[in-house]
Amino acid sequence: MLRIRRAATLLATSLAMTALPVSAETLQDALSAAWLNNPALEAERDNTAIASERIEQARAQRKPSVTLFGSYVYESIDSNRPFAFNLGDRPVASAQLEARLPVYTGGRLIAGIQQAEAGALAAGAQLEAAGQSILLDTVIAYVDIIRAREVISIRLNSIRLLEGQFTAASDRFEVGDTTRTDVSLARARVEGGRAALASAQADLENALAQYALLTGLEASDPLAPVPPLPELPKTFEAALATALDLNPDIEAARFAEQAARRSVEVARGALKPEVSVIAQAGVQEYHTDGFTDSSVVAGAQASVPLFTGGLNTSLVREAQLSRRQAATRIALSERIVRTNVARAWYGFEAADRAVDASARQVEAAELAYEGAQEELSVGVRTTLDVLDQEQQLLEARLSRVSAERDRYVAAHALLAAMGQLTPSRLDLGVR
């Protein structure tokens, strides 16, 4: 149904009509540059690394902590008691070493570790989604440049034909074989072609700017033809099943829901008692008196939250709402993916049929244009007839170029929706 091999061969030969040098920049070069140099993707990599550090932070809370306290103060003690000792002014130095190990936290710390792990997985899935989105945008920018340059070439050729028609109409008008109306029509078509050319040149500049934004490179002229179309699933159902299973946006939403579920346990743990084992060793030295006091303490310490003004219960309710919100986002992500798969699948099919139809249209329009020119020379056709045939030929050529671009973009958009627009799938040779 997809006719992939035939479509790939046609696309590879039609997107670039001129011979390309060996050194021409390729789509793989552009994709590799975007993968390695895009700042937005680099920021997502940093976000993933930050999420990984949160796992270490959560695990550290379950491990023993050792703290050293030290002070050096100057104290002045006076008293009105009948009998008092250790009065006067003196400097005092003290140091204390404390070790603490949490024994029971109501499951809060374990849930915190699991929450951090799920958050790291969600960040990794978001990184993958961002990477595939940038790769797709780069493919679009690349083929947009090729299309824009091809459109400019077609419009330049059309302007040359229209200028020839205008010159011929002017010459015939001079000898009385045509009317001023025919000359004006020919001139109007020339000016319309020039206006359309200016618009096409603006489209090319926009595509070049988008390409530079994504890759950090300037597109070579010309660009190398695109590789053949990737292999796609045979049925829409197969593509949708793969997307629902592997799409990184859905995976990120699922991991985010797991993290939100653990956050509820963390919030509930704050309502429960906490027990820690502690050990302390301290020394205090009175410099002027020459005395030193030392102490060693070991035991268990427990804390029970009795009243927090409703703070902890509110945090539990907030965590529960966040979990429900995360579950809703899973359903939303699945709907979006279904829509994207359907749009890409049927867009590809439509563009594939359009490429075939536009190719036949170009052949027919070329024959019609040549026939109209011959008939004009013998007086059977008018200048307007020839201009109309030239316009149809122009539209047919532009439609073919756009259909080829749309088909190539739709194929890669389908891969992205399926979660398979990866460097390994595109043979980029990057990590």
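This is a predicted model: local features need pLDDT of at least 70, side-chain atom pairs count only at pLDDT 80 or more; totals for chains, interfaces and linings use all residues.
Phe236, Trp345 and Tyr346 come together as one aromatic cluster. Phe236 belongs to α6, where Phe236, Ala239, Leu240, Ala243 and Leu244 are buried. These five residues lie on the same side of α6, because they cover an arc of only 130 degrees around the helix axis.

In soluble globular proteins, nonpolar side chains tend to be buried together.

Next come the aromatic pairs. Searching the whole structure gives three of them. One is formed by Tyr142 and Tyr211, whose rings are tilted at 50 degrees between the planes and lie 6.4 Å apart, centre to centre. Tyr142 is in helix α4 and Tyr211 in helix α5, so the pair ties together parts that are 69 residues apart in sequence. Both Tyr142 and Tyr211 are buried. Another ring, that of Trp35, has the charged end of Arg45 sitting over it, 5.6 Å from the ring centre.

Charged side chains also pair with each other. Side chains of opposite charge can pair when their charged atoms come close. How many salt bridges does the structure hold? The number is 16.

One of these salt bridges joins the side chains of Glu56 and Arg59, at 3.6 Å from N to O. Both residues lie in helix α3 (residues 39-60), three residues apart, or about one turn of the helix. An α-helix has 3.6 residues a turn, so residues three or four places apart point the same way. Glu56 is partly exposed, with a relative accessible area of 43%, and Arg59 is partly exposed at 35%.

Glu257 and Arg261 also form a salt bridge, in which the closest N and O atoms are 2.6 Å apart. About one helical turn separates Glu257 from Arg261, because they are four residues apart in helix α7 (residues 248-269). Glu257 counts as buried, at 10% relative accessibility, whereas Arg261 is partly exposed, with a relative accessible area of 30%.

The side chains of Arg407 and Asp352 meet in a salt bridge as well, at 3.0 Å from N to O. This pair links distant parts of the chain, with Arg407 in helix α9 and Asp352 in helix α8, 55 residues apart. Are the two partners buried or exposed? Arg407 has 0% relative accessibility and so counts as buried. Asp352 counts as buried too, at 2%.

Salt bridges also link Asp144, Arg147, Arg405 and Asp406 in a network.

Definitions and conventions: Residues are numbered from 1 along each chain as its sequence is written. Side-chain values use heavy atoms; hydrogens and water are left out. Buried means under 20% relative accessible area, exposed over 50%, partly exposed in between (1.4 Å probe, protein chains only). Helices (H or I, at least four residues) and strands (E, at least two) are DSSP runs, numbered from the N terminus. The arc is that of the directions from the helix axis to the C-beta atoms. Rings of Phe, Tyr and Trp (its six-membered ring) pair if their centres lie within 6.5 Å; planes under 30 degrees apart count as stacked, over 60 as edge-to-face and the rest as tilted. A charge sits over a ring if NZ of Lys or CZ of Arg is within 6 Å of the ring centre and within 35 degrees of the ring normal. A salt bridge is a side-chain nitrogen of Lys or Arg within 4 Å of a carboxyl oxygen of Asp or Glu.
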